[in-house]
Amino acid sequence: MTKKIDFNLLFKVISVLSLSLMVLLVFINVLMRYFLNSGLPWSEELARICFVYTVCFGIVIGVKEKNHLKVDIITNILPVKLNKVIS
């Protein structure tokens, strides 16, 4: 019996871990710069990479769950029949 991988859950876990790591890195770097007058030179780049992965996986989650923002000004102007065809 094979198990199916729930990619939606996997992407959510990766996003949460990536966001948590990014917040932790920035927080540690701020504390080190404030108290030790020297920060970690690699933490900024790693935080930026974590941000990119969080955004990419967040886009995938939003598309899959249909939670993205949409601009519906054009569909509100069109007649109902044409609006159904476009939808």
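User: Where is Lys66 found, and what makes Lys66 count as exposed?

Analyst: Lys66 is found in the loop between H2 and helix H3 (73–77); helices here are DSSP runs of H or I with at least four residues, numbered from the N terminus. Exposed means over 50% relative accessible area, buried under 20%, and partly exposed in between (1.4 Å probe, protein chains only). Lys66 has 75% relative accessibility and therefore counts as exposed. Phi of Lys66 is near 55°, a positive value in a residue other than glycine. This is a predicted model, in which local features need pLDDT of at least 70 and side-chain atom pairs count only at pLDDT 80 or more, while totals for chains, interfaces and linings use all residues. Residues are numbered from 1 along each chain as its sequence is written, and side-chain values use heavy atoms, with hydrogens and water left out.

User: Why is Asn37 called exposed, and where is its place?

Analyst: The relative accessible area of Asn37 is 68%, so this residue is exposed. Its place is in the loop between H1 and H2, where Asn37 follows H1. Although Asn37 is not a glycine, its phi is positive, about 55°.

User: Why is the pair of Phe7 and Phe11 called tilted?

Analyst: Rings of Phe, Tyr and Trp (its six-membered ring) pair if their centres lie within 6.5 Å; planes under 30 degrees apart count as stacked, over 60 as edge-to-face and the rest as tilted. By this rule the count comes to four aromatic pairs. Phe7 and Phe11 lie 6.2 Å centre to centre with 40° between the planes, hence a tilted pair. Being four residues apart in helix H1, they are separated by about one helical turn.

User: What makes the pair of Tyr53 and Phe57 stacked?

Analyst: Their rings are 6.3 Å centre to centre, with 20° between the planes, and this pair is stacked. Tyr53 and Phe57 are four residues apart in helix H2, so about one helical turn separates them. Tyr53, at 47% relative accessibility, counts as partly exposed, whereas Phe57, at 18%, is buried. Phe7, Phe11, Tyr53 and Phe57 form one aromatic cluster.

Note on methods. Helix = DSSP H or I, 4+ residues; strand = E, 2+ residues; numbered from the N terminus.
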